[in-house]
Amino acid sequence: MAKPEFLTGLDIGSAQVVAVIARRDPDAETAEVIGAARYPCAGLKGGVVINIDETARAITRAVEAAEEMAGQVGHSKNVLIGVRGSHLQTFNHHGAMNIARTDKEITAADRDQVVESTKAVPISPDREIVHVIPQDFILDRQSGVPNPVGMEAMLLEVDVHIVTASQSHLNNVWKAIARAGFEVEEPIYGLLAVGDTVVTQEEKGLGCLLVDLGGQTTGLAVYADGSVRFTKELAVGSDAISHDLSHALRTSYLQAQKVKELHGAASRPLAEGNLEEEIEYTSVDGRTPRRIKRAAIFDYIAPRVEEIFTLISEELQRSNYADHVAGGGVILTGGGAQLKGIAQAAEQILDLPVRMGLPQNMGGAPDVVSNPGYATALGLITYRHLGDWARSRRASRRVGLGHRLKSLVEDFF
């Protein structure tokens, strides 16, 4: 029997670093969370590193705290990285090749070759391909084939979803990780990792929209016919609600965030408890006491919630996939999804059924596996494309403390 392996997922998020350590049995499909931690980071903005030293410090603190919880101090040398941010760009592409052999039977090499051919697409020299994910294979004009190996055809085609990223942004992430003393085991688009752990295969088949509401960014992914069809990063998140409260209440951002989490809701009708209750907080100087009726704070929360989901609706319409998501509805996850009543508010604004997306096939600490804020880091642990021919691998991306960042080499399969 194979020994269980320990994996560390590191979510470089909007303004925080999330680390999860899990034990995975190679003979089982589930993983057990044994350690997790979140640490705020002033060196990150919208998933992009703006200060390498601050980011490295937050990475170290988050991983050390997760290791301490797991009882595995010093064991996390290699980490799976979830990359996010508006610098990521995605698009769909098509590839084709003729099967010239007499037997016409498609081999694994043929499958790999036609997927490889889709990478011959012009992109800016300052960008690199992160993932190439097949959506459908087409055999002699017959679409909807999930895996063509062993079948016969004269013409083999493939539709793929390609994810590209800014090289400079990625390099800054790798440098921060190296400075923290870790090596990059694998870079993964965090939104895809979330989708693989919170969206069911049935929902992907029916068609659905994944909304990953982070602090400073919101990720959107449309699934249809079992595969991802569209992804997008919006430069707005739940932190905007806290900033609105901060200005309205004339208090610090941290105080406003605390008020939002303890007393807030997506709208007044969705709030629980006594709305006439007075809330106490401190002014921006951190000392002067202030009071406000709880009912008043919804005047500042509700408009921003409506704006965020209106932007999501508009982006869905622009994607040309709005008609593909009715079957499975909307799956809402991410740290911002913890605001009370936000699923109900999203349902009203989007006019679609909405459910909360929690990680599947994960055991361990309930306060972690049932918390949408950990969804990306958890998804990195169980990402189904890991090690598969369907996505890229950068063996040369591994960098360690004291080592210089090496040249980038792509080895997709």
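Here are a few notes on this predicted model, taking the sheet, a helix pair and a lysine in turn.

1. Start with the open sheet, which has five strands in the order β14-β13-β12-β17-β18 and mixed pairing. Its edges are β14 (227-234) and β18 (354-356), each of which pairs on one side only. Ignoring direction, neighbouring strands are turned by 20° against each other on average.

2. At the β18 end, have a look at how this strand meets β17 (residues 330-333): the two run parallel and are joined by three bridges.

3. α9 (residues 342-350) packs against it and touches β12 (208-213), β17 and β18. The direction of α9 makes about 155° with that of β18.

4. Next, the helix pair: α6 (residues 239-249) packs with α8 (residues 294-318) at an angle of about 145°, and their axes lie 9 Å apart. The α6/α8 crossing is right-handed. On the α6 side the contact uses A240, I241, D244, L245 and A248, while α8 brings I297, Y300, I301, R304 and V305. By residue type, that contact comes out as eight nonpolar, two charged and no polar.

5. Last, K204, which sits in helix α5 (residues 201-206). Buried or exposed, for this lysine? K204 counts as buried, because its relative accessibility is 5% and the cut-off for buried is under 20%. As for partners, the side chain of K204 makes a polar contact of 2.9 Å with the side chain of D196.

How values were computed: Residues numbered from 1 in each chain as written. Predicted model: local features only at pLDDT ≥ 70, side-chain atom pairs only at ≥ 80, totals over all residues. Heavy atoms only, no water. Axes fitted to C-alpha atoms, helices over the stretch in contact; angles between N-to-C directions. Helix = DSSP H or I, 4+ residues; strand = E, 2+ residues; numbered from the N terminus. Left-handed = near helix turned anticlockwise from the far one by under 90°. Contact = heavy atoms within 4.5 Å. Nonpolar A, V, L, I, M, F, W, Y, C, P; charged D, E, K, R; others polar. Buried < 20%, exposed > 50% of the residue type's maximum accessible area, 1.4 Å probe, protein only. Polar contact = N/O pair within 3.5 Å; in protein donor to acceptor, adjacent residues only side chain to side chain. Pairing = 2+ DSSP bridges.
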